[in-house]
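Please look over the model below.

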Amino acid sequence: RTLRILSESTLKLQKSLAKLSSGLRIVTPDDDAAGLAQAVRYQNLVTRNNAASENVSNAISFIQTQDGYLASVEDALDRMSELSILSNDVTKTATDRSTYVTEFTELQSFISDIGTKTFTKVNLFSSTSLAVTIDAEANKFTMSGLDLSSTTITVGLANIFNTISTAINNSTSAGNATSN
């Protein structure tokens with residue numbers, strides 16, 4: 001009988017020391033099975049929320065990358081507009097205009113190249129919308145697609161790539177390019 005009591009006391013001491021050393025109230029399932037189930041559920045919820053937080057962070061980085069490229073596109077469009085105005089000057093010679101046309105065409109290629117950029121192998125600029133998981137319950141929000149390479153004249157930057165826009169070699173076509 002003394003041995004059994006000593007054995008039980010040693011077991012209780014070991015459990016108490018395990019709780020004290022871990023800082024947890026529940027160390028083994030027999031301490032509180034329902035409490036352990038709740039703790040596991042909350043740990044899983046935290047893990048899913050951390051994954052959703054990473055998804056949102058990646059979406060923010062995606063949008064910031066798009067924004068950086070779009071700032072470059074804005075600068076290129078501003079310069080293209082300036083070139084078309086310069087080419088619209090009736091005092092400019094054909095040689096002057098050919099220099100403007102060369103730079104204008106290079107800027108168009110630059111913008112076209114930006115339309116093909118990717119972020120972790122996902123197209124930055126396409127018409128496809130992207131759904132981002134934002135919480136542990138898999139709720140999502142949708143990031144609308146932004147297509148820079150659309151060939152539809154009313155969509156994207158197609159107006160700067162059509163035949164009228166690319167011909168800034170005389171004052172009439174330069175005026176059309178400025179309008180576009």
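## The cavity

The largest cavity holds about 40 Å³ of space. This is a predicted model. The count comes to 1 cavity of 30 Å³ or more.

Residues from several parts of the sequence line the largest cavity, among them Phe 62, Gln 66, Asn 123, Leu 124, Ser 126 and Thr 128. The lining also includes Leu 130, Met 143, Ser 144, Gly 145 and Leu 146. By class, this lining has 5 nonpolar residues, 6 polar ones and no charged ones.

## The pocket

The largest pocket holds about 220 Å³ of space. Its lining includes Asn 55, Asn 58, Ala 59 and Phe 62. Phe 119, Thr 120 and Val 122 line it too. So do Leu 130, Ala 131, Val 132, Thr 133 and Met 143.

The lining of the pocket divides into 8 nonpolar and 4 polar residues, with no charged ones.

## Helix α2 against helix α5

How do α2 and α5 lie relative to each other, roughly parallel or roughly antiparallel? Helix α2 spans residues 33–87, and helix α5 spans residues 171–179. They pack at an angle of about 155°, with axes 8 Å apart. Angles over 145 degrees count as roughly antiparallel, so α2 and α5 are roughly antiparallel. Their crossing is left-handed.

From α2, the contact uses Ser 81, Ser 84, Ile 85 and Ser 87. From α5 come Ser 171, Ala 174, Ala 177 and Thr 178. These contact residues comprise 3 nonpolar, 5 polar and no charged.

Conventions. Residues numbered from 1 in each chain as written. Predicted model: local features only at pLDDT ≥ 70, side-chain atom pairs only at ≥ 80, totals over all residues. Heavy atoms only, no water. Axes fitted to C-alpha atoms, helices over the stretch in contact; angles between N-to-C directions. Helix = DSSP H or I, 4+ residues; strand = E, 2+ residues; numbered from the N terminus. Parallel < 35°, antiparallel > 145°, perpendicular 65-115°, else oblique. Left-handed = near helix turned anticlockwise from the far one by under 90°. Contact = heavy atoms within 4.5 Å. Nonpolar A, V, L, I, M, F, W, Y, C, P; charged D, E, K, R; others polar. 1 Å grid on protein atoms, 1.4 Å probe; cavity = no way out; pocket = protein on both sides within 12 Å on 5 of 7 lines; lining within 4 Å. Points joined across faces, edges and corners; volume = space filled by probe spheres on them.
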